[in-house]
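Me: I am new to this structure and would like to go through it slowly. Could you show it to me before I ask about its parts?

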Amino acid sequence: MVAGLKDKLPRYGRDLAIDASDLPAYANGQRYLSKNGPERERYSDPDASWGHRSAVSTRKGGGFYGYRLHAAVCTATDLPVAWRVATGREHETLSVAPLIDTAKRRGAMVATAALDKGYDNNRVYAELAERDCLPLIPLRQTTAVKNGEHLPPSCQHGTWTFAGSDRKRGAAKWRCPTGECAPASTWRKASRLHPLVPRETERWKSAYRKRASVEREFGRLKNQWGLKPLRVRGLDRVRLHADLTILIKLACVLTRARAATATRPRQRNGNARRPSRRASTPTRPEVRQR
Ligand SMILES: [Zn+2]
């Protein structure tokens, strides 16, 4: 499926947005049967568990009982590339490496991953670096950040400017604004505080803005494709439900994409402005067959 989509949508799977979204269980997770009542002895969904969701924009934070769908969504096409269902309490950062590995196994040429600051920890940066994937993650206010250790280098001439990264070297180059310093530039090894795509750059900002595509996709899967509400219990069945929902959606998109390329030659014939040699391109019979 992913290979088919990549064939039709060449940018599919290159730039990913990763996030998790809660799936409340089809079960009651309260420990007591009633207020001040007896403790529950049997849970109807033993795999579900309490997780915590952080407050984001208009949504209230708090606990939820059930599962979480962890997904890597392509920001160019808004389509899922890899996904994984885990019980509610499992930490979201544990899903990053498996999601990237799955995306690559499916043939995606993963280049960047945008994640919110809930994923801002050293292990995530290391796992992304091992997989040759550039991290786009905002910083949490840790002690190092409060001390300003994340800021670009500076000198008496002002703040140094970013002068490109070397991925092989795993370092970013910074330059004195006037070039009067000696040396006038320096290499800084990539780390959580100093990623290869610095957070000050326009590239980082515009790429990070596209992280919203994973949230949009969660909304569509839940509200239009029937991911929610869950009507099955147990991790295996919830996984199967999520797999089927997402695969049906991808199959629909792929069918549409193939239908669009199959009808294009006909439209071209009807367009007088197009040069006629277009109609006899060698790829046309092959495209028709699909
Ligand atoms: Zn200087």
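This is a predicted model: local features need pLDDT of at least 70, side-chain atom pairs count only at pLDDT 80 or more; totals for chains, interfaces and linings use all residues.

Me: Which residues of α6 are buried, and how wide is the arc they fall within?
Reply: Helices here are DSSP runs of H or I with at least four residues, strands are runs of E with at least two, and both are numbered from the N terminus. In α6, which covers residues 212–223, the buried residues are S213, V214, E217, F218 and L221. Seen down the helix axis, taking the directions from that axis to the C-beta atoms, these buried residues line one face, because they fall within an arc of 140 degrees.

Me: Which residues is V73 in contact with, leaving aside its neighbours within four places in sequence?
Reply: Two residues count as in contact if their C-beta atoms, placed from the backbone, lie within 7 Å. V73 is among the residues that touch the most other members of the largest nonpolar core, a core being a set of buried Ala, Val, Leu, Ile, Met, Phe, Trp, Tyr and Cys residues joined through C-beta atoms within 7 Å. With those neighbours set aside, the contacts of V73 are L16, A17, D78, L79, P80, V81, S213, V214 and E217.

Me: What is the phi of D78?
Reply: D78 sits in the loop between β3 (62–74) and β4 (79–87), and it is partly exposed, with 16 other C-beta atoms within 10 Å. Most residues other than glycine have a negative phi. D78 is not a glycine, yet its phi is positive, at about 65 degrees.

Me: Which residue does a cis peptide bond join to A182?
Reply: Most peptide bonds are trans. The bond in question has an omega of about -5 degrees, and the residue asked for is found in the loop between β10 and β11 (185–189). The cis bond joins A182 to P183.

Conventions
Residues are numbered from 1 along each chain as its sequence is written. A residue is buried if 20 or more other C-beta atoms lie within 10 Å of its own, exposed if 12 or fewer, and partly exposed in between; C-beta atoms are placed from the backbone. The expected span of a helix is 1.5 Å times one less than its number of residues.
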